[in-house]
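Work through the two exercises below with the sequence and the structure side by side, and try each task before reading its solution.

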Amino acid sequence: MEKIQEKQKAPEFELPDQDGEMHQLSDYAGKFLVLYFYPKDDTPGCTKEACSFRDAMQDLYDVNVAVLGVSKDSVKSHKKFHEKYHLSFSILSDESTETIQAYESWGEKKFMGRNYMGTIRNTFLIDPEGNIAKIYENVKPEEHVAEILEDIKNLQK
């Protein structure tokens, strides 16, 4: 399998959000889409990342950008997480990890000396034509949104 790369067509997906509504890539045609993958609802890094997107949502809307988070947590878990932090964007449930794997965001991780398979914190910026404009690997939640906003402004010039 080829490694996913910038400028190629983004892999299709169809996943339920925290309310059970289905989302697919084609729903976002005509605008930039930030598709970010995160390990687990309501954990420190994932909460920080989700809240930073929430807090920057107006800036993202202003440049015609939609945001979707994806993890393998259930719709029910997403609902609690979404409500607890008043998230202003949808988070999608991929319990099968099919989409997470299609975006090469599933792999071996290490924690406290133990190896296991899990979701890798990656983000994909998808352009209005459905192509991958930028890939962010193993992102740092604190500075991530500012980096994305800067890149979008450069891409829109």
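This is a predicted model: local features need pLDDT of at least 70, side-chain atom pairs count only at pLDDT 80 or more; totals for chains, interfaces and linings use all residues.

Residues are numbered from 1 along each chain as its sequence is written, and side-chain values use heavy atoms, with hydrogens and water left out.

**Exercise 1.** Determine whether the two faces of strand β4 are buried or exposed, and which strands pair with β4.

*Solution.* Start from the terms: strands (E, at least two residues) and helices (H or I, at least four) are DSSP runs numbered from the N terminus, and buried means under 20% relative accessible area with a 1.4 Å probe, protein chains only.
In a regular strand the side chains alternate between the two faces of the sheet.
On one side of β4, Val65, Val67, Gly69 and Ser71 are buried, as are Ala66, Leu68 and Val70 on the other.
Because seven of the seven residues of β4 (residues 65-71) are buried, the strand is largely enclosed by the rest of the structure.
Next, pairing requires at least two DSSP bridges; β3 (residues 32-37) pairs with β4 in the parallel sense over six bridges, with Tyr36 bridged to Gly69, and β5 (residues 90-93) pairs with β4, also parallel, over four, with Ser71 bridged to Ser93.

**Exercise 2.** Identify which strands each supply at least two residues of the lining of the largest pocket.

*Solution.* Lining residues have an atom within 4 Å of a pocket point.
The strands are β6 (106-111) and β7 (114-119).
Among the 15 lining residues, Pro39, Lys109, Tyr116, Gly118 and Thr119 lie nearest the pocket's centre.

Key:
Buried means under 20% relative accessible area, exposed over 50%, partly exposed in between (1.4 Å probe, protein chains only). On a 1 Å grid over the protein atoms alone, a cavity is a set of points where a 1.4 Å probe fits but cannot get out, and a pocket is an open set with protein on both sides within 12 Å along at least five of seven lines; lining residues have an atom within 4 Å of a point.
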